[in-house]
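Me: I have a structure open that I have not looked at before. Could you walk me through some of it?

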Amino acid sequence: MFCALYKNEMIKLFRRKGTIIIICIIALLTLLVAGSSFSGRGYSLNPDDFSAEFMRKNCIRARDAGVTEDDWRYDVYNKIQAGGYQYQGGDHYPEDDHIRFEIGYDSSVIADQQKKETEALWKYIDDNDSAGYFASIQKRTADMAKKNHEQYIDAVKNFDRKSLTSAEEQVFLQIESEYEKLFSLADGICNFDSASIPGTDAFCKVLSGAEKQLAAVYYGSGFISEKAELGSNYYSGDKYLEYLEGFLEGARKRSEALSIYLYSLEHGVTDTATAGYTNSGSRSALLGVFGFVFSAAAVFGVFLAGASVSSEFSRKTVNMLVIRPVSRTKILLSKLAACLTAVYSALIAGVLAYWLIKGIMMGFSDYLQPYLWYDGTTVKSCSFGIWFIGRCALASLGTVAYTILAFVLSTVTRSTPVSTVLPMLWFALGNIVNYIIYALCRRAEITGIVRYLPSMYSNLWNFATEGLFASNENLDIIGLLNAGFLGAGAGLDLLHGAVILPVFTIVIAVIGFVTFAKRDIK
């Protein structure tokens with residue numbers, strides 16, 4: 001009987017031209033958004049794209065040398081263009097301090113040094129010496145790691161552990177273990193045979209990423225200094241423990257990133273965090289899916305589900321609905337299932353449209369590129385396309401939550417305006433409300449409960465790309481953007497959201513179903 005009810009609801013829903021039109025509009029807008037967006041992969045190799053003469057000359061020189069976007073030399077070319085080491089007036093460096101400041105030079109000595117660095121980079125390009133270039137990056141990384149390791153050992157040796165509580169001591173021991181692991185991984189990357197590294201732009205990103213991760217490993221000995229030296233007001237009591245835990249989390253993230261880099265070198269593969277910067281770029285382009293498709297589908301679901309039951313009351317057809325020889329629960333389930341089918345139709349149409357246009361524009365190769373992640377013990381790999389489909393499925397739980405909330409309000413309040421306005425307010429003001437809640441919890445020193453609040457995951461798709469940049473040097477910035485106002489700083493992540501949000505929606509769905517089953521329909 002349920003199948004018959006569901007089929008009937010589907011016929012009623014998709015017979016309306018508006019349902020089909022909205023789904024088509026979402027797919028069409030997705031095509032337009034995706035088609036108009038640009039995923040930067042570095043500096044252009046077309047001289048006409050540059051207004052500065054010295055950048056035009058660099059571009060012509062690189063093009064004449066046969067540099068392509070997938071060539072390892074493309075990374076070197078980007079460093080030259082980004083450096084701006086050449087003064088536009090030629091080899092003369094002005095003596096005027098103001099002019100030197102405006103063009104980024106503090107002194108002629110620094111300018112000459114930068115010029116020599118540029119010439120060294122051009123030599124790698126002209127000689128097509130990938131092994132030499134890779135070895136130079138490895139040497140810088142090794143020197144940096146050695147210096148950081150020495151500073152770390154000195155700081156630990158001079159640290160008085162007597163000031164630590166038992167809880168702080170445990171975290172401190174974990175920090176020591178993580179830092180030793182981190183420096184061991186750095187040694188593995190630096191000692192890898194540079195001549196055996198594939199000469200592609202993606203592997204340049206692997207080495208450059210490792211170098212940048214090591215540069216951020218050590219911020220001085222502050223995190224293992226005496227509490228009094230760090231400021232007794234902020235770092236006293238539990239706040240100092242939080243401070244140590246923050247450094248531990250940072251060390252773990254960098255260890256994970258270095259583990260992925262070393263895996264790339266050992267297995268001759270790169271993950272999407274680096275491959276996305278090559279000539280396909282589909283990985284970067286796909287990030288926009290979450291910002292548009294899932295939001296559009298959520299709004300569609302709210303207005304669709306918000307009128308699903310309340311319209312039966314307004315049209316006085318609800319009595320005809322419930323006199324059927326079937327339970328009210330099955331009636332509601334059939335309506336909700338039809339609404340969710342329509343919402344998922346919109347989601348699938350939007351995602352497929354985005355994948356299609358980006359594949360046509362930039363190539364489909366990145367969909368087959370491996371996605372690498374660290375599971376706490378070893379590095380794992382799967383196809384990026386499969387990983388992304390899984391993330392899309394998890395992100396859709398946020399859209400489902402809005403749809404079910406509107407459906408329950410429609411059932412309980414019997415009012416279409418109420419059942420659509422309230423979810424839309426949650427949608428529009430969710431991040432602001434979350435920030436206020438987090439600020440209040442932090443003031444009360446109970447931030448631990450934040451990750452268990454359903455409201456924090458109101459826009460679950462914001463977290464869906466979490467981990468995509470795990471081996472990328474832009475980890476912290478991208479993580480902040482994708483996780484909204486709070487993100488990892490509040491302990492929020494996709495895993496918790498994928499559990500807590502469905503539990504919340506099931507609870508409110510049960511409330512709505514029970515209310516409808518027991519309420520007098522008259």
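This is a predicted model: local features need pLDDT of at least 70, side-chain atom pairs count only at pLDDT 80 or more; totals for chains, interfaces and linings use all residues.

Me: How many residues does the largest nonpolar core have?

Reply: That core has 53 residues, and Tyr-133, Tyr-179, Ile-189 and Leu-258 have the most contacts inside it. A nonpolar core is a set of buried (under 20% relative accessible area, 1.4 Å probe, protein chains only) Ala, Val, Leu, Ile, Met, Phe, Trp, Tyr and Cys residues joined through side-chain atoms within 4.5 Å.

Me: And which element gives the largest share of this core?

Reply: Helix 12 does, with twelve residues; helices here are DSSP runs of H or I with at least four residues, and strands are E runs with at least two, numbered from the N terminus.

Me: Switching to helix 3, which residues are buried there?

Reply: Phe-54, Met-55, Asn-58, Cys-59 and Ala-62 are buried in helix 3, while the face turned away from that buried side carries Lys-57 and Asp-64, which are exposed (over 50%).

Me: What about strand 1, how many of its residues are buried?

Reply: Four of its five residues, 370–374, are buried, so strand 1 is largely enclosed by the rest of the structure. Five bridges join strand 1 to strand 2 (residues 379–383), and the two run antiparallel; Leu-372 has Ser-381 in strand 2 as its bridge partner.

Notes:
Residues are numbered from 1 along each chain as its sequence is written. Side-chain values use heavy atoms; hydrogens and water are left out. Two strands pair if DSSP finds at least two bridges between them.
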